[in-house]
Amino acid sequence: MDKIVNKRIYLSPPHLGGKESIYIQEALDSNWIAPVGENVDRFQADLEAFLGDGVRVAALSSGTAALHLALVVLGIKAGDEVLCQSFTFSASVNPILYLQAFPVLIGSEPETWNMCPVELERAIKDRIGKGKLPKAVILVDLYGMPCKMDELLAVAARYNIPVIEDAAESLGSEFNGKHCGTFGEVAILSFNGNKIITCSSGGAIVSHNREYIEQTGFYAGQAKDPAPFYKHSKVGYNYQLSNILAGIGRGQMSVLNEHIAAKREINAFYRSELSAIDGISFHTEPDSRYFSNYWLSAMLLDHTKIKKTPLQICETMSSLYNIECRLLWNPMHLQPVFKDVPYYGTGVSERLFTSGLCLPSGSNLSREDLHRVVTALKKIIASKS
Ligand SMILES: *Cc1c(COP(=O)(O)O)cnc(C)c1O
């Protein structure tokens, strides 16, 4: 086959709405270029209005910083155990280690691909049996799909374990009519370059608890005690969001609903074009309580019916068609850095990793781009070589 020279289609590139430059310019003109100012205040207020349910938001420099401070405000200390979904991005787990706490990894269930409630309870009982009640559980809504929120929250509540919701990928998703990012004691969001909206880099903590939001501001600004001189009684962090970057976020909030609609349309298009192929199935909302922003459209390939591996497809899509696809997350319990971490699972996340593929899902993809993706994919799957 000849190499097709065409502009590269990326997995999930930034998608500007137009207002970003106005808010950046306002920050420059007013000289509010520090990590405080109107853009930060308005971005937080816009997120609060979008999420509803009376939550408060503290904007931060990244989603990873937000997870770190979520653990700090929940009082996680060296030696504590924290439960976390194994099938996720490493940034869900790393902050546990920043605090010298111990991660315990939990497997997925096959419906939402997120944490399995049965495995969660099995892990909690086993850890208690070993003499340690876990101090927090980090739930993740991967690729925008809400986890089995009601069941997972019920398990955590039964043992009085506080919940952190990692909603980095699920801004705009809902479970039972309630926004992802509003569940648990504390939730976190990410505005990294590839997320559904971006600040270039940024994140946030969301909580119903005002105290957690105030503490987040305190820790993110170097933990300065109220005093007429520099006084510190706690370890602080430099995690505030720049007022310039918040200007990008503010602009992005005005197009968030359009991005959600576009991502859901992209997902519907892939389904309609590809579901008929024997051996392809999609990451799907299990029932009407689930509403996914479909941040990334992901599918599974049955290896008994499709003879190419996801890696082979991914590499050919890139080298021959200039289209970026990506394998699913490689579970954390399989990572060299977490090899000694306890894991409770039944093989679901491993199977997802070996059989899954994420398709280009940028909210700015054109119809033409989408046709290019499905045409290329169909050719690769049908080809004998
Ligand atoms: C992106 C992401 C993070 C980290 O957010 P950053 O803003 O990149 O630090 C955490 N968890 C998940 C699931 C993510 O996808």
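A crossing of two helices is called right-handed if the near helix is turned clockwise from the far one by less than a right angle. With that in hand, let us look at this predicted model.

**Helix packing around α12**

The crossing of α10 and α12 is right-handed. Helix α10 covers residues 310–321 and α12 covers residues 367–382; the two pack at an angle of about 120 degrees, and their axes are 10 Å apart. That angle makes α10 oblique to α12. On the α10 side, the contact is formed by I313, T316, M317 and Y321, which meet R372, V373, A376, L377, K379, I380 and I381 of α12. By class, this contact holds eight nonpolar residues, one polar and two charged.

Helix α9 (residues 256–274) also packs against α12, here at an angle of about 35 degrees and with the axes 11 Å apart. This crossing, too, is right-handed. From α9 come E265, I266, F269, Y270, E273 and L274; their partners in α12 are R367, L370, H371, V373, V374, L377 and K378. The contact of α9 with α12 divides into eight nonpolar, one polar and four charged residues.

**Around the ligand**

| Residue | Polar atom | Distance to a ligand oxygen atom |
|---|---|---|
| G63 | backbone | 2.7 Å |
| E169 | side chain | 2.5 Å |
| S190 | side chain | 2.7 Å |

Definitions and conventions
Residues are numbered from 1 along each chain as its sequence is written. This is a predicted model: local features need pLDDT of at least 70, side-chain atom pairs count only at pLDDT 80 or more; totals for chains, interfaces and linings use all residues. Side-chain values use heavy atoms; hydrogens and water are left out. Axes are lines fitted to C-alpha atoms, for helices over the stretch in contact, and angles run from 0 to 180 degrees between N-to-C directions. Helices (H or I, at least four residues) and strands (E, at least two) are DSSP runs, numbered from the N terminus. Angles under 35 degrees count as roughly parallel, over 145 as roughly antiparallel, 65 to 115 as roughly perpendicular and the rest as oblique. Contact means heavy atoms within 4.5 Å. Ala, Val, Leu, Ile, Met, Phe, Trp, Tyr, Cys and Pro count as nonpolar, Asp, Glu, Lys and Arg as charged, and the others, Gly among them, as polar. A polar contact is a pair of N or O atoms within 3.5 Å; within protein, one must be able to donate a hydrogen and the other to accept it, and residues adjacent in sequence count only if both atoms are side-chain atoms.
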